[in-house]
Amino acid sequence: PHMAVEYMYGVKPWLSLGASVDFQRTAWTEDSSRRNFYNLCVLPTVRFTYMRHGLVDLHSGISLGLDVNGGSEEFYKGGKTVVSGAVDLNYIGVSVGKDHWYGTFDLGGTFAIYDKTAIFLLSARIFRVGVAYRF
C-alpha cells in the first residue's frame, strides 16, 4: 500500500504552510523467501497558489524533511534501515472543487538524499492524484 496524509494551513490566499506524512510498503517473494521494503517520509511544506479561477486552483510547492527506508534488503552502503534528508518538489498542481471537497493532481518528485553520491527519486511520488477536504 501507499498512503499519504497532508495538512495545510492557509496563511494568505496565495501561501499555505503545513506538513505531510507518506508511507509506502512493498513485499515480494524471491528465491523462496519473503522480502519487503518500506519508506516513510515526514515533510514540512510550503505551497504557493498562483491562480484561482472559479473551481480551479493552480499551485506549486516545496517540502524539506526526513526519509526512512528499511526492510529485508540491505542498503548498498550497509545497514537495513537508512535515515536521510528528503526534498519534495511539486512543480505544478491543480485542485478542482468548491466548498469543502475537492480533487487534486500534482506533478513533481520526491528525492531522498543520503549523501552526495546517493540521491534517489522515489518514483511513486511523481504523479499524485487525491481527494481532499477543506475545513
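**D31 counts as exposed because its relative accessibility is 68%.** (Exposed means over 50% relative accessible area, buried under 20%, and partly exposed in between, with a 1.4 Å probe and protein chains only.) The model shown is predicted, with local features taken at pLDDT of at least 70, side-chain atom pairs at pLDDT 80 or more, and totals for chains, interfaces and linings from all residues. Residues are numbered from 1 along each chain as its sequence is written, and side-chain values use heavy atoms, without hydrogens or water. D31 sits in the loop between β2 and β3. Its phi is positive, about 50°, although D31 is not a glycine. S32 belongs to the loop between β2 and β3 as well. S32 also has a positive phi, about 65°, and is not a glycine. With a relative accessible area of 78%, S32 is exposed.

(Strands are DSSP runs of E with at least two residues, helices runs of H or I with at least four, numbered from the N terminus.) Read from the N terminus, the order of elements is β-β-β-β-β-β-β-β. The C-alpha trace spans about 55 × 30 × 20 Å along its principal axes. Of the 135 residues in the protein, 31% are buried.

**G70, in strand β4, is buried at a relative accessible area of 3%.** I126 lies 56 residues from G70 along the chain, and the C-alpha atoms of the two are 21 Å apart.

**The largest pocket has a volume of about 1,200 Å³.** (A pocket is an open set of points on a 1 Å grid, over protein atoms alone, where a 1.4 Å probe fits and protein lies on both sides within 12 Å along at least five of seven lines; lining residues have an atom within 4 Å of a point.) (Volume is the space filled by probe spheres set on points joined across faces, edges and corners.) The lining comprises 43 residues, of which E6, M8, R47, Y102 and A132 are the closest to the pocket centre. Two or more lining residues come from each of β1 (2-12), β2 (15-30), β3 (33-53), β4 (56-71), β5 (82-97), β6 (101-115) and β8 (127-133). The largest share belongs to β1, which gives 10 residues.

**R47 and E6 form a salt bridge through their side chains, with an N to O distance of 3.0 Å.** (A salt bridge is a side-chain nitrogen of Lys or Arg within 4 Å of a carboxyl oxygen of Asp or Glu.) R47 is in strand β3 and E6 in strand β1, so their contact ties together parts 41 residues apart in sequence. R47 is buried, at 13% relative accessibility, whereas E6 is partly exposed, with a relative accessible area of 44%. The structure as a whole has four salt bridges.

**Salt bridges link R52, D57 and R134 in a network.** The side chains of R52 and D57 meet at 3.1 Å, N to O. D57 also pairs with R134, where the N to O distance is 3.9 Å. Because R134 lies in the segment after β8 and D57 in strand β4, this pair ties together parts that are 77 residues apart in sequence. D57 is buried, at 11% relative accessibility, whereas R134 is partly exposed, at 31%.

**A nonpolar patch on the surface is formed by Y50, M51, Y91, I92, F105, L107, F127 and V129.** (Patch residues have over 30% relative accessible area and no salt bridge; nonpolar side chains, meaning Val, Leu, Ile, Met, Phe, Trp and Tyr, are joined within 5 Å, like charges within 9 Å.) Together these residues have about 800 Å² of accessible area. (Areas follow the Shrake-Rupley method with a 1.4 Å probe; for residues, only the protein chains shown count as cover.) At least two residues of the patch come from each of β3, β5, β6 and β8. F105, one of the patch residues, is placed in strand β6. Its relative accessibility is 37%, so F105 counts as partly exposed.
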